[in-house]
Amino acid sequence: MKRLLGFLPLPCLLLALWLLLNDSVSAGQVILGLAIALVLSALAPILRPVRARPRHPLTALRLLGHVARDIAHSNYQVGLRIVLGPRARARPGFLDIPLRIRDPHGLAALACIVTFTPGTVWAGHDTQRNVLTLHVLDLQDPVGLTRVIQQRYETPLMEIFE
């Protein structure tokens, strides 16, 4: 029973998305959507051999709050101060940040966080040295940005995924 309950969310989500995108709940669309959802859900484990085991949901919620606040602040900084500011003088640059996190799901979450934040883009990851390369639109404080990435994002992600 526990295994069935763990299987159900993905096909239900896929079916709901299918019906939403087709803008129809006719019997044919429901049957077709259900068939596609079940087949894709059965094939999904083959595409993702490493299972995520997230822990500490309160840490995840706290991280989500930090990310939301940082995205809002970065939108202000990039939009009003750099792009539309009277003296728009951005100092773009690349920054190498040493990482301790090794879990692929944590790295993927970190990539999303960094890329969602305006003004920063994940530019590369050296797997040998475990170093993240960021492109930053306005690189004023490399040490401070390194500390933010490592303490506000990487440490909670390690707690959640490792």
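Two strands pair if DSSP finds at least two bridges between them, with strands being DSSP E runs of at least two residues and helices H or I runs of at least four, numbered from the N terminus. D96 sits in strand β1, residues 93–98, and β1 pairs with β3 (residues 131–136) in the antiparallel sense over six bridges.

Before going on, some ground rules: this is a predicted model, where local features need pLDDT of at least 70, side-chain atom pairs count only at pLDDT 80 or more, and totals for chains, interfaces and linings use all residues. Residues are numbered from 1 along each chain as its sequence is written, and side-chain values use heavy atoms, with hydrogens and water left out.

Back to β1, which has two faces: G93, L95 and I97 make up the covered one, while F94, D96 and P98 are on the uncovered one.

Zoom in on L110: setting aside residues up to four places away in sequence, L110 touches L99, W122, L132, I149, Y153 and L157, where contact means heavy atoms within 4.5 Å.

Y153 also turns up beside a charged residue, D70, which lies in helix α4. D70 counts as buried because its relative accessibility is 17%. Its side chain makes polar contacts with those of Y153, at 2.4 Å, and R152, at 3.0 Å. (A polar contact is a pair of N or O atoms within 3.5 Å; within protein, one must be able to donate a hydrogen and the other to accept it, and residues adjacent in sequence count only if both atoms are side-chain atoms.) Leaving aside neighbours within four places in sequence, D70 is in contact with T117 as well as R152 and Y153.

Methods: Buried means under 20% relative accessible area, exposed over 50%, partly exposed in between (1.4 Å probe, protein chains only).
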